[in-house]
Amino acid sequence: MTSAKKSSSNPIWDYFKPLSCDLAKCVACEKLIKKRGGGVSALTAHLESAHPDKESLEYAERATKAREEEARRVKADINREVGNTEEAAKGVDPVVHQAQNGLR
Ligand SMILES: [Zn+2]
């Protein structure tokens, strides 16, 4: 029973980002939801009313993960560019050629 207070273990946090002790952001629609007394009932209510279909929630979850992965990839690209500029240029070239071919 007491474990219900642990917000990190609650699956609801797959769909919300905690901003402060009484404010959370919905990852699906980026709406700010005010919690009352630290409970998640307002979050659950938002999920049920705004996102009744699980598909959109799963999509939001995937989108969030994709965004995080992209951020990681961009970081890796920057590291690669800093470490090896030649290889970074090689990686850019085919894209430029493709774009030029597409224009012809
Ligand atoms: Zn939402």
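**Sheet, core and helices of the predicted chain**

Lys25 is placed opposite Leu32 of strand β3. The model is a predicted one, in which local features require a pLDDT of at least 70 and side-chain atom pairs are counted only at pLDDT 80 or more, while totals for chains, interfaces and linings draw on all residues. Residues are numbered from 1 along each chain, as its sequence is written.

The protein chain contains three helices and three strands, and along the sequence these elements follow the pattern β-β-β-α-α-α. Helices (H or I, at least four residues) and strands (E, at least two) are taken as DSSP runs and are numbered from the N terminus. Buried residues account for 8% of the 104 residues in the protein chain; a residue is called buried if 20 or more other C-beta atoms lie within 10 Å of its own, exposed if 12 or fewer do, and partly exposed in between, with C-beta atoms placed from the backbone. Of the contacts in the protein chain between residues at least 6 apart in sequence, 25% join residues that are at least 24 apart, a contact being defined by C-beta atoms, placed from the backbone, that lie within 7 Å of each other.

The three strands form an open, antiparallel sheet in the order β1-β2-β3, where two strands are said to pair if DSSP finds at least two bridges between them. β1 (16–20) and β3 (32–34) are the edge strands, each of which pairs on one side only. On average, and with direction ignored, neighbouring strands of this sheet are turned by 35 degrees against each other. β1 and β2 pair in the antiparallel sense over four bridges, and Phe16 has Cys26 in β2 as its bridge partner; the hairpin that joins β1 to β2 passes through two residues. Strand β2 (residues 23–26) also pairs with β3 in the antiparallel sense, over three bridges, and here the bridge partner of Ala24 is Ile33 in β3.

The hairpin of β2 and β3 has five residues between the strands. Glu30, which is found in this loop between β2 and β3, takes a phi near 60 degrees, a positive value in a residue other than glycine. Glu30 counts as exposed, because it has 9 C-beta neighbours inside 10 Å.

Helix α1 (residues 41–50) lies across β1, β2 and β3 and runs at about 135 degrees to β3; axes are lines fitted to C-alpha atoms, for helices over the stretch in contact, and angles between N-to-C directions run from 0 to 180 degrees. The largest nonpolar core has seven residues, namely Tyr15, Phe16, Ala24, Ala28, Ile33, Val40 and Leu43, where such a core is a set of buried Ala, Val, Leu, Ile, Met, Phe, Trp, Tyr and Cys residues joined through C-beta atoms within 7 Å. When neighbours within four places in sequence are left aside, Leu43 is in contact with Ile12, Phe16, Ala24, Ile33 and Lys35.

Not counting residues up to four places away in sequence, Val40 touches Asn10, Ile12 and Lys35. Val40 and Trp13, although 27 residues apart along the chain, have C-alpha atoms separated by 9.2 Å.

Helix α2 (residues 54–83) has 30 residues, which at 1.5 Å a residue should span 44 Å, and its end C-alpha atoms are 43 Å apart, in agreement with that value; the expected span is 1.5 Å times one less than the number of residues in the helix. α2 is hardly covered, since the count of buried residues among its 30 residues is zero. Tyr59 lies in this helix, α2, and counts as partly exposed because it has 13 C-beta neighbours inside 10 Å.

Notes:
Contact = placed C-beta atoms within 7 Å.
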